[in-house]
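Let's take a walk through this model together. Please open the coordinates in your viewer and keep the sequence at hand.

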Amino acid sequence: MRLKRVIAMTFNFRDYIDFSEKLVRDSEKTTIKARQLALLSSSLIFAWIAIESFVNNMIDDFNQIPPDMFQMHEKAFLLEKSLRFGDKGVNIGKFIIDKNRNEFRRLEDKIFFLIAKFSSANNIKGDTLWQSFERFRDKRNTIVHPRRDNDLSLDVEEVVTYQNVTKKIISLISENVLKKKILF
Amino acid sequence: MFGDTLRGWCQKVGLLTSGEDFPDVGPKSEKITVKLARTFIVNFYLGKKMADKISGDKIDKTIYEPYLADSGTAAYLAGKTSLIDSEYQTIMETNGINNLNDKALIEAGKSFSNLHKAQQTAVKSGKGKIKNSKSYRNKALVESILSGWSFVAGLLQNEPDRLKVHYLIPKTSAKIPAPLNAAEMSRFKHEDDPVTYRGYGTRSSPNDRQRVAQLFLARSLDEKSSIDHKLMQKAVSQVRALNAFKKGYSHDI
């Protein structure tokens, strides 16, 4: 029966990880290959969303404190808005954050910003974890930007690997920014 | 050591009725205890002392950890030299016993007493289907709530507009049946909180005290704000963000 009422809820990174893990378990209960692949693809996407959720909520935390605790370009970055030079009115000659112009940032850049801003860690791109994250991102891109010529291949082991990457990336950010361990 | 000064102050501000004494067994009582009254006094003066160091927008760029006084018995049994909490003793001795006649402290005490009574009345009324439980009725007497509220009362002594808002009873509505919104506080949980976390302002941990102080501080910026989920979320976000600045390797604030 089709659900008629609208369901509205707020999920956090833990919920998304749970969804991802549940979908893997569901994929193991079916023998239909297309269904297995659909479930594993969905699982991978939820694992990716978990990182997005964690990072975006953390950025939202920083948007709740007095704005002058950040440089203006940092604040524009956090708000994902454009920074421009005012050429008329009361803002003439001043840099202003244009709240009408979005400037969306890549997840990777948000992670780099948070870690660079609040810790002394450097060169995280050289780490094996980051290489795994990049493979995860590429696979996610294959799923959300499908092309006729690109076969989608996934197995349980690979998705579980990416779920672990999600947990490690979230831990990396938490430990560097909040100096706090996350328990999964 | 300080006679019945504390009891007299509680009676004066309405936290005890005239002639009433502190309860013998704190946890079972619905009255303010000696420990809580001392905690209130100490935090008011700690906040006031902080207000002399920082002012204006710096108030909102700092994270605060309200103090929790030892109960006399616990301190004594722990081998401390006195039955009186050391911080309370210092504050009383520094300011003199007449200190409890401090008009600002009395005003803070009366405002807090009004909040406590408003919370009790709202919960007992049964409006909004709120459960008439002791923990909801006495939400103001939870250690983190009381210490956070009194610290902020001291902290805002040089900010009269914000202090006025802090002393107003938070607005209620159909969705927020009691000023301290105890039911919503109990449900609140941040994604980072451990599974054992029991909700906003339900425990006395340093983290909870920080969050509650931030909640009242955030509320003091807007006379119309209620203690709702959004304000709780905002306060927790602020604590997390300010903690990152505090512990990070970035520039100091």
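This is a predicted model: local features need pLDDT of at least 70, side-chain atom pairs count only at pLDDT 80 or more; totals for chains, interfaces and linings use all residues.

The paragraphs below go from the fold of one chain to the interface, and then to individual residues.

Let's begin with chain B. Its secondary structure consists of eleven helices and zero strands, so if you follow the chain from the N terminus you will pass α-α-α-α-α-α-α-α-α-α-α (for the cut-off, a helix here is a DSSP run of at least four residues). Chain B has 253 residues, and 55% of them are buried.

Is B:Arg38 buried or exposed? With a relative accessible area of 11%, B:Arg38 is buried, because the cut-off for that class is under 20%. From B:Arg38 to B:Asp85 there are 47 residues in sequence, while their C-alpha atoms are 8.2 Å apart in space.

Now turn to the place where the two chains meet. Here 23 residues of chain A are in contact with 19 residues of chain B. The size of an interface is often given as the accessible area lost when the parts come together. Between chain B and chain A that buried area is about 2,000 Å², with 57% of it from carbon and sulfur atoms. On the chain B side, the residues that lose the most area to chain A are B:Glu191, B:Asp192 and B:Phe245, which together give 31% of what that side buries. There are also six residue pairs in polar contact between the two chains, counting pairs with both residues at pLDDT 80 or more.

How many salt bridges cross the interface of chain B and chain A? The rule finds two. B:Lys61 forms a salt bridge with A:Asp68, with the closest N and O atoms 2.9 Å apart. A:Asp61 and B:Arg240 also meet through their side chains in a salt bridge, at 2.6 Å from N to O. This pair crosses between chains: A:Asp61 sits in helix 2 (residues 33–62) of chain A, and B:Arg240 in helix 11 (residues 229–247) of chain B. A:Asp61 counts as buried at 4% relative accessibility, and B:Arg240 counts as buried at 8%.

Over all chains the structure holds 24 salt bridges. The side chain of B:Arg7 meets that of B:Asp4 in a salt bridge of 3.6 Å, N to O. B:Arg7 is partly exposed, with a relative accessible area of 27%, and B:Asp4 is partly exposed at 48%. B:Arg7 also meets B:Asp21 in a salt bridge, here at 3.2 Å. B:Arg7 is in helix 1 (5–13) of chain B and B:Asp21 in the loop between helix 1 and helix 2, so the pair ties together parts that are 14 residues apart in sequence. B:Asp21 counts as partly exposed, at 37% relative accessibility. In chain A, salt bridges with shared partners join A:Arg106, A:Glu108, A:Asp109, A:Arg137 and A:Asp138 into one network.

Stay in chain A and look at A:Lys139, which is in helix 5 (residues 128–144). A:Lys139 is buried, with a relative accessible area of 16%. Leaving aside residues up to four places away in sequence, A:Lys139 touches A:Leu44, A:Ser153, A:Leu154, A:Glu158 and A:Tyr162.

Our last stop is on the surface of chain A. A:Leu3, A:Ile7, A:Met9 and A:Phe11 form a nonpolar patch there, with about 430 Å² of accessible area together. A:Leu3 belongs to the segment before helix 1 (13–27) of chain A. With a relative accessible area of 59%, A:Leu3 is exposed, because that class starts over 50%.

Key. Residues are numbered from 1 along each chain as its sequence is written. Chains are lettered from A and ligands numbered from 1 in the order in which they are written. Side-chain values use heavy atoms; hydrogens and water are left out. Helices (H or I, at least four residues) and strands (E, at least two) are DSSP runs, numbered from the N terminus. Buried means under 20% relative accessible area, exposed over 50%, partly exposed in between (1.4 Å probe, protein chains only). Patches are made of residues with over 30% relative accessible area and no salt bridge: like charges are joined within 9 Å, nonpolar side chains (Val, Leu, Ile, Met, Phe, Trp, Tyr) within 5 Å. Accessible areas come from the Shrake-Rupley method with a 1.4 Å probe; for residues, only the protein chains shown count as cover. A salt bridge is a side-chain nitrogen of Lys or Arg within 4 Å of a carboxyl oxygen of Asp or Glu. Contact means heavy atoms within 4.5 Å. Buried area is the accessible area (1.4 Å probe) that two parts lose on being put together, summed over both. A polar contact is a pair of N or O atoms within 3.5 Å; within protein, one must be able to donate a hydrogen and the other to accept it, and residues adjacent in sequence count only if both atoms are side-chain atoms.
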